[in-house]
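Have a look around first, then try each task before reading its solution.

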Amino acid sequence: HWGYGEGDGPSAWHKNYPVAQGSRQSPIDIIPHQALQDRSLGPIVLNYDHCTSINISNNGHSVVVEFDDSDDRSVIQGGPLDNPYRLKQFHFHWGGKGCEGSEHTVDGYGYASELHLVHWNAVKYCSFGEASTAPDGLAVLGIFLETGDDHRWLHMITDALYMVKFKGSGTEFKGFNPKCLLPSSLHYWTYLGSLTTPPLHESVIWIVLKEPIAVSEKQLGKFRLLLFTGEEEDQRTRMENNFRPPQPLKGRKVRSSN
Ligand SMILES: NS(=O)(=O)c1cccc(NC(=O)NCCCCO)c1
Ligand SMILES: [Zn+2]
């Protein structure tokens with residue numbers, strides 16, 4: 001199976017997932033000065049009000065909060081999107097120390113972590129699974145986390161992490177609205193890319209917010225108490241550095257909201 005270690009990490013994924021060397025892989029290094037200012041790009045609109053979080057779990061690659069996606073209560077629309085896309089889950093990628101851990105980089109610089117809010121096109125497709133293989137099937141909102149002051153709401157997640165320490169563990173997690181994790185500005189970069197983990201489907205319209213949110217080193221440290229391994233395994237491997245490095249742009253254009 002795939003992972004982030006020596007033998008099973010990002011440089012080995014192409015063996016089982018040849019699309020790893022495809023033409024629209026993610027993440028990428030975003031170079032702001034090369035992004036195209038596109039005045040036709042409207043604002044991102046997030047309707048997370050009647051948010052329907054269900055559970056939080058450790059899938060052996062990250063910590064994931066899943067949502068009830070049986071209707072259009074929690075959607076993202078506008079910006080580069082032709083339809084509303086339904087919120088399915090969010091998860092994080094992080095490093096082992098300060099300066100690296102995000103998947104996208106900006107002018108070659110990484111952030112300590114990156115939050116991915118994953119949405120699917122329920123107008124055109126019947127399930128997340130079907131959408132995840134379609135070129136316009138998914139929309140992922142990426143938010144950078146930098147170390148600084150305590151984040152006033154992130155504790156709601158970090159306080160639950162001890163309950164999902166082991167791969168395969170999960171617990172109820174109701175009433176969490178991810179709107180509280182957004183920065184003040186919704187200015188963004190957008191480009192066509194892929195899932196950043198196997199199966200690496202080239203099905204994602206990426207929307208990466210320019211403004212990071214601040215979280216404390218203490219809060220980030222709690223993510224590193226999670227394990228890649230299950231309770232029954234004797235090998236206890238700390239969950240950290242679960243990020244894929246930037247992939248070749250291969251001629252793609254990155255657009256910038258104004
Ligand atoms: N990291 S990401 O590109 O936002 C992303 C979004 C949605 C799904 C995935 N990857 C997967 O679902 N991989 C399937 C296996 C993971 C759980 O075992 C990655
Ligand atoms: Zn992700």
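Four donors count as tetrahedral if all angles lie between 85 and 135 degrees; donors here are N, O and S atoms within 2.8 Å of the metal (3.2 Å for Na, K and Ca), with water not among the atoms, so sites may look incomplete. This is a predicted model, where local features need pLDDT of at least 70, side-chain atom pairs count only at pLDDT 80 or more, and totals for chains, interfaces and linings use all residues. Residues are numbered from 1 along each chain as written, chains are lettered from A and ligands numbered from 1 in written order, and side-chain values use heavy atoms, leaving out hydrogens and water.

**Exercise 1.** Work out which residues coordinate the zinc ion (ligand 2).

*Solution.* Start with the donors: H91 (NE2), H93 (NE2) and H116 (ND1) coordinate the zinc ion at 2.0 to 2.1 Å. Next, check the angles: the four donor atoms subtend 99 to 117°, so the arrangement is tetrahedral. Along the chain, the spacing reads H-x1-H-x22-H. H93 sits in strand β7 (residues 85-94) and H116 in strand β9 (residues 113-120), so this pair ties together parts 23 residues apart in sequence; strands are DSSP runs of E, at least two residues, numbered from the N terminus.

Terms used: Tetrahedral: all angles 85-135°; square planar, octahedral: opposite > 155°, others 65-115°. Helix = DSSP H or I, 4+ residues; strand = E, 2+ residues; numbered from the N terminus.
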